[in-house]
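Thanks for coming. I have one model to go through today, and I will keep to what can be computed from its atoms.

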Amino acid sequence: MPTTDGTTAQPDAPGGSAGGRLPWTRPERTRRSRLLTLLTGLTAGVLLLDQVTKVWAVASLEPGERVALLGDLFGLQLVRNPGAALSIATGMTWVLTLVAVVVVVVVVRASRRIGSTGWAVALGLLLGGALGNLVDRMVREPGPARGHVIDFLAYGDLFVGNVADIAIVAAALLVVLLTARGVHLDGTRDGDSPTGDAADGATADADAADGGRAPAEGVTDVPAGRDGDARGAAPAGPAAPTQRDGGTA
């Protein structure tokens, strides 16, 4: 037990741990680990599904031919897209590749502060979609950083996309929803009190430093004398006279 004056033992801080680690941070670390697992698993799932469907599309569909699934509303059509969605920035594939790399780096760095399930899902979808199209740009013809993205999901006469595009759009919508609700990346919300677990932990440390428990209100410790009486107590005076039958005892 630690001591303060060499003679009086003081109790250890409640919930204290070796090495000065703060015990109230362990649940937060566990939650963050679970959110990172969710984000990573979702990223891997989107990337795998995107690449598998693209391999199937290249093997099964003929370029320029459309397979109707819902009449003119939705179908399958193989397109090798050198640009972005809606064929924007065609001929600037290397710029889109650079943008995709930047998005991946930003998402990975932001994931270190993750504290919200909604944001974990949004970033997982975004990272998986960005990686799915980035793989195409790096490994498909005509060459690294200039590869054409495989699109095969035809939405009417509007545009042709892929699974990665669906994940990116879903992530964007979820980010807008979380922002509108005031949910931040670390899990806090607009209007939350600035004090949290850390303040509670600091209070616990302060209580431990004072001896573990404050004395009851109005009670003061007074050193006992040799005879067990409190030192400094006022000596007892003569007993006050009492009246008995109208007289003085």
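I will go from the overall layout to the nonpolar cores, then to the helix packing, and then to the salt bridges.

First, the ground rules. This is a predicted model, in which local features need pLDDT of at least 70 and side-chain atom pairs count only at pLDDT 80 or more, while totals for chains, interfaces and linings use all residues. Residues are numbered from 1 along each chain as its sequence is written, and side-chain values use heavy atoms, with hydrogens and water left out.

Now the layout. The chain has 5 helices and 6 strands; helices (H or I, at least four residues) and strands (E, at least two) are DSSP runs, numbered from the N terminus. In sequence order the pattern reads α-β-β-α-α-β-β-α-α-β-β. Of the 249 residues, 27% count as buried. Buried here is under 20% relative accessible area, exposed is over 50%, and partly exposed is in between, with a 1.4 Å probe and protein chains only. Contact means heavy atoms within 4.5 Å. Among contacts in the chain with a separation of 6 or more, 60% are between residues 24 or more positions apart.

On to the cores. A nonpolar core is a set of buried Ala, Val, Leu, Ile, Met, Phe, Trp, Tyr and Cys residues joined through side-chain atoms within 4.5 Å. In soluble globular proteins, nonpolar side chains tend to be buried together. The largest core in this model has 18 residues, and those touching the most other members are Val104, Ile114, Trp119, Leu123, Leu127, Leu178 and Leu185. At least two residues of this core come from each of α1 (26-60), α2 (93-110), α3 (117-139) and α4 (163-180). The biggest contribution is from α3, with 7 residues. Apart from this core lies another, of 7 residues, including Ala57, Leu61, Leu76 and Ile150.

What is Ile114 in contact with, leaving aside its neighbours within four places in sequence? The list is Arg32, Leu35, Leu36, Trp119, Ala120, Leu123 and Leu185.

Next, the helix packing, starting with α1 against α3. These two pack at an angle of about 35°, with their axes 8 Å apart. The axes are lines fitted to C-alpha atoms, for helices over the stretch in contact, and angles run from 0 to 180 degrees between N-to-C directions. By residue type, the contact of α1 with α3 has 13 nonpolar, 8 polar and 4 charged. Ala, Val, Leu, Ile, Met, Phe, Trp, Tyr, Cys and Pro count as nonpolar, Asp, Glu, Lys and Arg as charged, and the others, Gly among them, as polar.

For α1 and α4 the angle is about 145°, and the axes are 8 Å apart. From α1 the contact uses Val46, Leu49, Asp50 and Thr53, and from α4 it uses Val163, Ala164 and Ala167. That contact divides into 5 nonpolar, 1 polar and 1 charged.

Now the charges. How many salt bridges does a search of the whole structure find? It finds 3, a salt bridge being a side-chain nitrogen of Lys or Arg within 4 Å of a carboxyl oxygen of Asp or Glu. Asp50 pairs with Lys54, with the closest N and O atoms 2.9 Å apart. Because Asp50 and Lys54 are 4 residues apart in helix α1, they are separated by about one helical turn.

Asp136 also bridges to Lys54, again with 2.9 Å between the closest N and O atoms. This pair links distant parts of the chain, Asp136 in α3 and Lys54 in α1, 82 residues apart. Asp136 is buried at 0% relative accessible area, and Lys54 is buried at 0% too. The remaining bridge joins Asp136 to Arg140, at 3.3 Å between the closest N and O atoms. Asp50 is buried, and so is Arg140. Together Asp50, Lys54, Asp136 and Arg140 are linked in a network of salt bridges.

Asn133 sits in helix α3 and is buried, with a relative accessible area of 11%. Beyond four places in sequence, its contacts are Asp50, Lys54, Val149, Asn162, Ala164, Asp165 and Ile168.
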